[in-house]
There are 2 protein chains.
Amino acid sequence: MKIFIPLIFLANFLFAQENSDSLIIRKIYSYHLTESKSYDNLHSLCKNIGARLSGSKQAEKAVAWAKQAMLQAGADTAYLVPCMVPHWVRGAKEKCYVTGDSKNKLESFAVCALGSSVATPTAGITTKVIEVTSFEELEKLGTEKIKGNIVFYNVSFDKTFIHTGSAYGKAVKYRSGASMAAFAISVTGAKRLNALLAQNKNFELYLYSDCKTLPDEPSYSVVGEIRGNEIPNEVIVVGGHLDSWDLGEGAHDDGAGVVQSIEVINAFKKLGIKNKRTIRAIAFMNEENGTRGGKSYAAMAAKENKKHIAALESDMGGFTPKAIGIEAKKDTLLYYKKWQPLFEPYFVFIKQGYGGTDIGELIPLGVPQFSLEPDSQRYFDIHHTADDTFEKVNERELELGAATITSFIYLLDKYGAYKK
Amino acid sequence: MKIFIPLIFLANFLFAQENSDSLIIRKIYSYHLTESKSYDNLHSLCKNIGARLSGSKQAEKAVAWAKQAMLQAGADTAYLVPCMVPHWVRGAKEKCYVTGDSKNKLESFAVCALGSSVATPTAGITTKVIEVTSFEELEKLGTEKIKGNIVFYNVSFDKTFIHTGSAYGKAVKYRSGASMAAFAISVTGAKRLNALLAQNKNFELYLYSDCKTLPDEPSYSVVGEIRGNEIPNEVIVVGGHLDSWDLGEGAHDDGAGVVQSIEVINAFKKLGIKNKRTIRAIAFMNEENGTRGGKSYAAMAAKENKKHIAALESDMGGFTPKAIGIEAKKDTLLYYKKWQPLFEPYFVFIKQGYGGTDIGELIPLGVPQFSLEPDSQRYFDIHHTADDTFEKVNERELELGAATITSFIYLLDKYGAYKK
């Protein structure tokens, strides 16, 4: 590519002069792309704290970090909402290999224990492998054939989904359901295991894990609040989750959502936008294995003398934003679709979608659900793996996501949520 | 992120059953995401041939490769359109360092000669550095102060542009214009050089390059054609450029555009779509330093007894598609905007935009211009550098781009271009 003439930008700019919302949204995007702290904050969270599984020392450090970051961003107040969280620990490195006649190691596989799963016996498990591609296939085989064996669920993502999250939604049921030790294997490993089984179904596999669940620990979600100037009793929530799995650094999942939410506060303050309603940036605890933070926040909200009018979650990675997803029926959707032209310069759709796991706990209170939908093509290359590190997050992609969230929250605050 | 319920996909699917265009476009996307050869073709072009600067042996190999790939994709015919191309060679590795009192090397910088530039004298150049941030600043300094010195244009991208291509458009004028040897320095290097000059303006820099321009060489653009079944005399062009700079592998720039264009043919053939008009996938030669392929194709088109009704170029990288850009005024744009709902399930906008360098040569013939606009946030991390390699291209992102192009060409073929 040689030269790209910025005709489009000029056109937007001219339009912007005639419309204060588009002008303010342009300022919001410029702020995030040039001055925001989201990328620096993500670096700090990933590199100074790192992985922060619920109940761990790192999660405790992350709580203090988030409160400090909320205050630095200009929150009028920042506070902790307590919850009791599960405390699962992985223990020693897992082992998985094909055994020879004398139980020697013939070929090993990289595996990891699935979160919340139990350990194998201390000596490990050595037994045959039964491969299935669905629960239905497993059921057909019957208990007799399965008993005492390792079940290998070989289920690939459906590549035809545009949202890789939808393909995950279809495949994820195979992640849970085992009452025994449960392991994850890589795509490469699964292909190799499949090939070995095609040659010979009678070899034995050795599996070992040492994970355990300790007693629940006290922990916290972190709230940073800017009070509404006109209708302070109406609350808008924008959040991500602070906890992560223990491998990687929880950068895309979900450091990104946390730093973007904090940056909403910073943008409102730096740009001098006077919010009508109360805005709460929330770093939820324990999304990954219990949603205890989401539950305890919803319990608090139910008792408060305030009305939550909307909640938005960013928990699909820090990639280039593609849409604001709205969990709504057609008439509701039309209300928000009117804002679509404001987002076209930024290539963002307003569309039917989903909320988020943490804010989902607010559904019984009737709180409308929104989410940031970033491009999802690269998400499952790193999701819940040791590769979910700061280096995998692109600065501008992260900032564009924060700008999209801030702009949508600005409109929600100014015009309110849809009322029937 | 935990679970994403595929509600949206189901909604689209139900809509699709009522609408044959949306159903065919859904099939086009599924084809590209599961069966297409674009990623394999890109691997072959990048790893078996690699960098392919105009006039090089690699460019010659790439011409034969492209013709073969067009035929394998199912083109009714594939042929070469000749052109004479510049033949610039980089020569020995460039050198750049701060000299000490005794002309010793104190601190070196990674630089590369800008394409088409001339060599330094054999002994190199050793002189002071004058830093400017614009042509205006250079002009103010006047000839006397500049003469015999190295001019350091320190101009950064404007980060507020959403399209990084627009920021490039504003900064790229500093890439050409030097009648003497011209070098590019990295962002890190530019920051360091700026810091050194802030401390002391009197140090000397040594620069050496050995590049030269040899006589023009004969070369070719490659055309793969599927003849129209109803109006064969109307032609739709879809293309990218086959040549690349000599560093890297020309993966995003523009192997991506070439393999996507070839895959348009493959998709039409594999899905049994009967094209009304003649479709030509074109791998243009010499986009980077002369546009000779674009010019010679336009000259041929002017003499043909055929009418070109549209031309689309993919030359902004193999990233997730964000839009089809249309170089058009408002009334024309409205005609294409009617297709917008068909692209919403894929997060693609139909909008005012740009064509491409190669197809731009068809503008004097009145040929409407279109382009694929992928997400541009990561493009200038790798553009024209040694990092533009196959590994930097994500398979699904590349395929989604090919699917978007194929779908738009399908609509152009079925309904024709806008007529006043």
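Asn233(A) is found in strand 10 of chain A, which covers residues 231–241. In this predicted model, Asn233(A) counts as exposed, because 12 C-beta neighbours lie inside 10 Å and a residue with 12 or fewer falls in that class. Setting aside its neighbours within four places in sequence, Asn233(A) is in contact with Lys306(A) and Lys307(A).

Chain A has 13 helices and 15 strands. A compact globule of 420 residues would have a radius of gyration near 22 Å, and the value for chain A is 24 Å, which agrees. Along its principal axes, the C-alpha trace of chain A spans about 80 × 50 × 40 Å. Of the 420 residues in chain A, 50% are buried. Among the contacts in chain A with a separation of 6 or more, 81% are between residues 24 or more positions apart.

Helix 13 of chain B runs through residues 395–415, and at 1.5 Å a residue its 21 residues should span 30 Å; the C-alpha atoms at its ends are 30 Å apart, which agrees. Helix 13 of chain B is mostly covered, with 17 of its 21 residues buried. After helix 13 of chain B comes Gly416(B), whose phi is positive, near 80 degrees.

What does helix 13 of chain B pack against, and at what angle? Its partner is helix 2 of chain B (residues 20–34), and the two helices pack at an angle of about 150 degrees, with their axes 8 Å apart. Angles over 145 degrees count as roughly antiparallel, so helix 2 of chain B is roughly antiparallel to helix 13 of chain B. From helix 2 of chain B, the residues that make the contact are Ile24(B), Ile25(B), Ile28(B), Tyr29(B), His32(B) and Leu33(B). From helix 13 of chain B, they are Arg396(B), Glu399(B), Ala402(B), Ala403(B), Thr406(B), Ser407(B) and Tyr410(B). An α-helix has 3.6 residues a turn, so residues three or four places apart point the same way. The crossing of helix 2 of chain B and helix 13 of chain B is right-handed.

Helix 3 (residues 38–49) and helix 4 (residues 57–72) of chain B pack at an angle of about 155 degrees, and their axes are 11 Å apart. Helix 3 of chain B and helix 4 of chain B are therefore roughly antiparallel to each other. Their crossing is right-handed. Helix 3 of chain B brings Asn41(B), Leu45(B) and Ile49(B) to the meeting, and helix 4 of chain B brings Gln58(B), Lys61(B), Ala62(B), Trp65(B) and Ala69(B).

Some details of the backbone also deserve attention. Most residues other than glycine have a negative phi, and most peptide bonds are trans. In chain A, the peptide bond from Asp253(A) to Asp254(A) is cis, with omega near 5 degrees, and Asp254(A) is found in helix 9 (residues 251–270) of chain A. In chain B, the bond from Asp253(B) to Asp254(B) is cis, with omega near 5 degrees; Asp254(B) is found in helix 9 (residues 251–270) of chain B.

Positive phi values occur at residues of chain B that are not glycine. Thr291(B) has a positive phi of about 55 degrees and sits in the loop between strand 11 (277–284) and helix 10 of chain B. Because 22 C-beta neighbours lie inside 10 Å, Thr291(B) counts as buried. Phe347(B) has a positive phi of about 60 degrees, and its place is in the loop between helix 12 (340–343) and strand 14 (349–352) of chain B. Phe347(B) is buried, with 24 other C-beta atoms within 10 Å.

Is Glu304(B), in another loop of chain B, buried or exposed? Glu304(B) lies between helix 10 (292–303) and strand 12 (307–313) of chain B, and with 10 C-beta neighbours inside 10 Å it counts as exposed. Glu304(B) and His87(B) are 217 residues apart along the chain, and their C-alpha atoms are separated by 29 Å.

Notes: Residues numbered from 1 in each chain as written. Chains lettered and ligands numbered in written order. Predicted model: local features only at pLDDT ≥ 70, side-chain atom pairs only at ≥ 80, totals over all residues. Helix = DSSP H or I, 4+ residues; strand = E, 2+ residues; numbered from the N terminus. Expected span 1.5 Å × (residues − 1). Buried ≥ 20, exposed ≤ 12 C-beta atoms within 10 Å, placed from the backbone. Contact = placed C-beta atoms within 7 Å. Rg over C-alpha atoms; globule rule 2.2 N^0.38 Å. Axes fitted to C-alpha atoms, helices over the stretch in contact; angles between N-to-C directions. Parallel < 35°, antiparallel > 145°, perpendicular 65-115°, else oblique. Left-handed = near helix turned anticlockwise from the far one by under 90°.
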